[in-house]
Amino acid sequence: MLSFIARRLAIAIPTIFLVSVFVFFLQKLLPGDPALVLAGEERDPETLAFIREKYHLNEPILTQYFYWVSGMLKGDFGISLRTNQPVLELIGEKLPVTIQLAVMAMIIAMIIGIPAGILSAVRKGTAVDYTANIIALSGLSIPNFWLGIMLIMLVSVHLGWLPASGYESPFVDPLRSLETMIMPAFVLGTALAATLMRHTRSAMLGVLRTDYVRTARAKGLQEKVVVLKHAFRNALLPIVTLSALLFGELLAGAVLTEQIFTIPGFGKLIVDAVFTRDYAVVQGVVMCTAVGFILMNLVADVLYFLLNPRMRTAL
Amino acid sequence: MSEGTDSRSGGSKNPSLLTVDNLAIRFGNAPANTVDGISFAVDRGETLCIVGESGCGKSISALALMGLLPMPPAKIAGGRVSFDQRDLLTLPAKARADLRGDRMAMIFQEPMTSLNPAFRIGDQIAEGVLRHRAISQADARRRALQMLDRVKIPAAAERLDDYPHQLSGGMRQRVMIAMALANDPDLLIADEPTTALDVTIQAQILELMKTLQEETGTALIMITHDLGVVAEIADQVAVMYAGRIVEQGPVEAIFDDPQHPYTIGLMSSLPSLGERQSRLTTISGMVPTIETMPSGCRFAPRCPFVRETCITRAPELTSMSPGHLAACHFAPLETHMVEAV
């Protein structure tokens with residue numbers, strides 16, 4: 001098991017290296033001189049020269065890359081040009097917010113998507129199946145931002161049940177935190193629920209046709225046990241993999257939703273950084289997202305490994 | 001075995017364990033019944049072999065007996081099935097599931113895919129015991145071990161925690177047999193249990209089933225297309241063609257004196273069967289599809305002895321000798337068809 005994880009981590013290293021190359025060089029291709037941005041109104045040659053010297057902007061590009069990477073390896077992601085805070089500190093502030101949002105969204109997605117998928121597979125071709133499919137299709141078709149705005153209008157403006165925006169840490173005021181997060185989590189979660197429902201349905205349909213499900217029925221097991229134990233346990237493999245990947249996407253993909261609900265998360269951080277040419281922050285955030293995504297991939301692999309006896313016993 | 005209709009009207013002598021009377025199964029809006037009025041009976045401890053080509057409805061009949069046929073698309077178009085004097089087809093689903101895996105059990109053709117890959121084989125056997133018996137987990141596990149021993153899996157105690165993929169096809173079929181027999185069923189239905197296995201393993205599995213049946217007194221319905229298997233284990237034989245039983249009777253009668261042209265064809269297509277080989281060698285043509293099912297005798301399009309009557313009227317099963325029935329207008333052929341040969 002440990003050697004399996006170690007091997008997967010070893011494979012992740014070249015991936016992370018490639019990502020770092022892309023992040024660094026793509027940003028260098030962007031128009032605009034960071035020294036000019038930093039220097040602000042003054043722009044006298046001495047200041048510019050000082051800035052270029054300080055941030056190694058005069059060095060060959062490969063050297064600059066080397067400085068950046070070695071800094072990151074030491075935990076130094078640079079300083080935000082906008083707020084003068086270390087990038088790592090900024091990420092440390094914002095990431096937990098997004099993780100909380102992603103976890104809540106994922107829970108909502110699973111609570112809705114998986115049972116709906118199982119039900120529509122078991123009741124294939126009936127009104128239940130069609131209804132679930134229509135709802136799922138609507139869930140996939142409705143854009144997040146539209147649903148978010150509609151929810152704010154209905155729940156916050158008209159009914160006044162929940163705050164329209166803002167954020168509170170769950171460690172400070174759990175109830176308030178839940179109140180501020182539940183709507184954005186719902187918006188993100190319903191879209192994912194649709195994807196999860198479709199995948200659960202097709203995985204279950206495949207499994208319900210298998211010989212071993214017939215064997216389970218031949219044992220006289222209750223239909224509930226046949227579906228939820230014998231069938232679902234095998235349908236779980238693709239569902240778990242998909243969920244882990246969806247979660248990875250959530251970490252980076254909540255940009256719009258965070259904007260609408262003005263949640264001070266990762267998505268908002270990156271949008272603000274891009275608009276203000278806060279290079280160090282953009283690079284740091286993208287690197288973090290990439291690493292997070294790779295980690296979620298690893299989690300998917302490990303879960304797959306744990307759930308699949310054929311892989312587990314092969315080691 | 002007695003014909004279904006006989007034992008239903010009777011009741012004076014011991015009724016059969018399973019009596020199938022005129023069972024018909026139809027799929028969706030098909031123009032004809034896939035299984036069209038089959039009748040047979042099986043006594044305790046007896047082995048009935050249902051023989052026929054693939055697609056003749058033998059597996060579908062077996063699944064219907066077990067209550068495992070997906071309905072819809074299939075539906076019971078008629079007939080009665082009584083198991084231990086209970087009417088199976090009108091039994092509520094719950095009562096049916098209570099019988100399944102307990103009093104009646106089934107093993108399937110594909111041992112490679114019939115076990116759940118996600119669970120240990122010991123747990124899969126114990127699960128069926130726990131479903132039907134009020135015993136502890138530990139006792140169920142002991143029973144699973146005992147069953148693995150009985151189906152002669154070497155080092156059974158270590159195998160108990162194996163996953164199916166760690167076993168060969170023959171071993172998996174042994175596990176399936178262990179699972180099916182774990183609750184000492186009165187009836188075991190085996191749907192081509194050896195077809196997917198290597199020839200040497202086939203013989204072992206057959207031998208094992210025979211031994212276990214003798215030990216437990218379970219009635220066995222063996223579905224097969226392999227006449228070698230029939231010769232090996234059958235007491236009674238029912239030959240199916242295109243959804244109907246065309247001939248049935250004691251195994252000796254079927255092998256020594258087949259009366260239906262289809263049975264004769266089957267026998268002749270077996271190599272080295274001796275004296276009767278000269279009559280027919282192959283059966284030309286194909287089994288009709290459900291859309292092209294003849295309205296008279298379903299074998300008529302392929303029958304070398306076909307007459308006008310065969311095309312217009314379906315033959316009834318009639319007695320050739322005590323317990324030996326054939327559904328042919330011209331059976332026994334020797335008396336009716338002297339001029340044709």
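**Note on a predicted two-chain model**

1. In chain B, the loop between α2 and β4 holds B:P73. Helices (H or I, at least four residues) and strands (E, at least two) are DSSP runs, numbered from the N terminus. B:P72 is found in that loop as well, between α2 (58-66) and β4 (74-83) of chain B. A cis peptide bond with omega near -10° leads from B:M71 to B:P72, and the bond joining B:P72 and B:P73 is also cis, with omega about 10°.

2. On reading the model: it is predicted, local features need pLDDT of at least 70, side-chain atom pairs count only at pLDDT 80 or more, and totals for chains, interfaces and linings use all residues. Residues are numbered from 1 along each chain as its sequence is written, while chains are lettered from A and ligands numbered from 1 in the order in which they are written.

3. Chain B has an open sheet of 4 strands, ordered β2-β1-β4-β5, with antiparallel pairing. Two strands count as paired if DSSP finds at least two bridges between them. β2 (35-42) and β5 (86-87) of chain B are the edge strands, each pairing on one side only. Strand β1 (residues 18-27) of chain B runs antiparallel to β4(B), and 8 bridges join them. B:A24 has B:G78 in β4(B) as its bridge partner. Helix α2(B) packs on the sheet, where it touches β1, β2 and β4 of chain B, and its direction makes about 115° with that of β1(B). Axes here are lines fitted to C-alpha atoms, for helices over the stretch in contact, and angles run from 0 to 180 degrees between N-to-C directions.

4. In chain A, helix α5 (residues 87-122) has 36 residues. From first C-alpha to last it reaches 50 Å, close to the 52 Å expected at 1.5 Å a residue; the expected span is 1.5 Å times one less than the number of residues. At A:K94 in α5(A), shortly before the proline A:P96, there is a kink of about 25°. The bend at a residue is the angle between axes fitted to the seven residues ending there and the seven starting there.

5. The chains touch: 18 residues of chain A are in contact with 24 residues of chain B, contact meaning that C-beta atoms, placed from the backbone, lie within 7 Å. On the chain A side, α9 (211-218), α10 (223-253) and α14 (309-312) each supply at least two residues. α9(A) gives the most, with 7 residues. By class, that side has 5 nonpolar, 7 polar and 6 charged residues. Ala, Val, Leu, Ile, Met, Phe, Trp, Tyr, Cys and Pro count as nonpolar, Asp, Glu, Lys and Arg as charged, and the others, Gly among them, as polar.

6. A:N84 is placed in the loop between α4 (61-73) and α5 of chain A, and B:A242 in the loop between β9 (236-241) and β10 (244-250) of chain B. Is each buried or exposed? A residue is buried if 20 or more other C-beta atoms, placed from the backbone, lie within 10 Å of its own, exposed if 12 or fewer, and partly exposed in between. A:N84 counts as exposed because 7 other C-beta atoms lie within 10 Å, whereas B:A242 counts as buried because it has 26 C-beta neighbours inside 10 Å.

Key: Contact = placed C-beta atoms within 7 Å.
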